[in-house]
Each structure stands twice: as structure tokens, then as C-alpha cells.
Amino acid sequence: MDEGVFGRAAQERAIAEVETEMARLCEMLAEGLAMGVEEGREMVGGAMSEFLVEFFDLVRAEDPRPGVQGMITLPLLVHGAETGEPGPAMPVAVLHLLWWASARCLDDLTGAAGAPPAGAATGGRVLTALAVGGQLPGRLIAGMPVGAAVRAALADELSRAWLDAVDGQLRDLAERAPNATPESVLRGYEGKTGAPYAMAAASAARLAGADDHRAAGWRAYGRALGVLRRLVDDQRDLASGRHEDLAAGTATYLLVHLLAELPPARRREALALHASARHSAAARAEMASWMLDEEVAESYAASVAPLIDRAHGLLDMLGGDPDCVRELHRVVDGTVGHLPRFPLAVA
């Protein structure tokens, strides 16, 4: 979609505008001039500003465009699908980025291998992350020039996302490979990564004046997209050689899919290797080779295909501005790659 209401050039401009708005917000926070952090609250304002600058520096170093681009364009495209005008959803894109800045930090502290380091620095980061992802978005919503009903709906979407995401994270922490099923892992993914994408999509729809039924449909689409994003991240972790999930003992969907496909003796061998992977780089490398085996990848692709079809089907059902809906289909395809090879690692 190079032309039309939100073509590639328009998307790039929108991304630049959101990044500029985030930089302006960081400056205001540092000066104690935003979201009620003045009057002696310079400490929290400065901490939030430094936190966000660090987040964006890290994102740019790891993934210069695609990750942030998806977070920004999703709410813009949903609003565009509803109204033909993507621009008014820019505040929702900011909310989405704030959520992820917070969640990424908290996920690193709770999901890393071993216990999180103790001390004042860690405690400060946790407190700042909670302020950035919970309280700062709430202040932004309170200051939006919208009616009371829309403001209440946006606050509800933010609260829903946090509760669903915490539920998913708790499931992720409690899940153990021997007892996990593909269904239980996907349920956790729907919260851990699906919830914020659901929030971004449904919030944009609410801002556009969508009724409860359509907002629920966009929430479902966002959740489906977030699950696919999680699957991508799982495979990229393996393909990159980082093997962070194996070091943490995480029961990922790909791992549980592999275990479900193996005969009993081979499954026991895989579980023993997975247990060793928490403490052995050699075991992690061997376990990764099992999970990235071509035959496993093919059966994995077949198991994920219905999830992709669901995301596309939700868009077909929702409809709206054809240019934006077409681009939202492309967001799905750009996330997962293309069957049958299903190259998730490079999506």
C-alpha cells in the first residue's frame, strides 16, 4: 500500500511523529512538567525519563525498526479502518510504547534464569517500570480531550491489559515443560503478549467511536497478533543463538509442540536435555537443534497455521477502510513470514 490514506511514506511520517512525541515527553518528565510530576516529584519524573531513553536506545540497538513500527502502526491502522483517518490514534500508540517499556523491564527481572538481583537499584527499576507502564498511561488518558465515556473505556482497556498480562506472566513462570500442553502455553501467550496488542487495537477502536461489539472484535485481532509476535520471538531467540528461554527453563510453544510429537522414550530424553540446558551451553545448543529441525519446523508450521488464519479471518469479519484493512493483513503476514517454510526467525 504505497498510496492511499496510510501508505508506506505516511507510516514512516507517523512513526517519526510518535518518536518525536516520546522524546518531548521524556524532556517534560525530566523537567518535572508532565503528568502531575511537578511540585516536588522531580525524582520520579527524572527516573521515568531516564528509563524511557534507555528503553528506546536498547530497542534501536537490537531491532532498529520492525518492533517499534508494529507497536506504533497497529493502533493507527485500526483507527484508520474505523474512520479512514489513522492520525487521531497517535496517543494510543504512545500508550502502547509506554506499556512495552515497562513490561520489558519487568519481564527481564521476573523471567531471567535464576533469582533477580537484589538491591536498591533493582527496586528502583521495578518502581519506575510500574510508574511508566501503569500510572503514566493513566495520566495521559485523564488528560485526553475526549468525552467521559471514551476516557472510561480507555482506562478499562489499560486495566484489562495489565490484569491479563500479569495472568499470562504468572502462567509462564509456573508452567513446567513435563506438564505443559500447547493449549496451556497459548493461553499464557494470550495474556503475556496478546493483552497489550489487544489493548492497543481496542483502545484505537474506542477512540474512533466503535461500539462494544466492534471493540471486542479488534481486541481479539490484537490478541491474535500478539500471540503470533510471541511465537516469532521464541524462534528468534533460538535462531540467534541467545537461547534465553532455554536458560530460563521456559516452556515455549515450540518446545511443547516438539515434546508432544515425540515417542515416550525420546520425549524423556528431550526433557532431560531441556533440564540440563538451564546450566549447560552445550545442552542448550543441542536442544535448540532439536527444536529447529526441519521436520519439526514443518509440523510446527502446520500447528500455527490456524492461528494465522484466525487473525486474517477476524480482519475479514471486521472490515472497514479497505486500505487500512489491507495493511493490517500485511501486518500479520509480515509478522509470521510465509508458509510453507514459515521463516519466523527472520520475520
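R206 is buried at 17% relative accessibility, where buried means under 20% relative accessible area, exposed over 50%, and partly exposed in between (1.4 Å probe, protein chains only). R206 forms a salt bridge with D212, with 2.8 Å between the closest N and O atoms; the term stands for a side-chain nitrogen of Lys or Arg within 4 Å of a carboxyl oxygen of Asp or Glu. D212, in turn, counts as exposed at 54% relative accessibility. Both residues belong to a network of salt bridges that links D156, E157, R160, R206, D212 and R219.

The model is predicted: local features need pLDDT of at least 70 and side-chain atom pairs count only at pLDDT 80 or more, while totals for chains, interfaces and linings use all residues. Residues are numbered from 1 along each chain as its sequence is written, and side-chain values use heavy atoms, with hydrogens and water left out.

Salt bridges in the structure number 18. Side chains of opposite charge can pair when their charged atoms come close. One of the pairs joins E244 to R242, where the closest N and O atoms are 3.9 Å apart. E244 is exposed, at a relative accessible area of 51%, and R242 is partly exposed at 48% relative accessibility.

Another salt bridge connects the side chains of R326 and D323, at 2.9 Å from N to O. These two residues sit three residues apart, about one turn of the helix, in helix α15 (residues 322-336). Helices are DSSP runs of H or I with at least four residues, numbered from the N terminus. R326 is partly exposed at 39% relative accessibility, and D323 is partly exposed at 22%.
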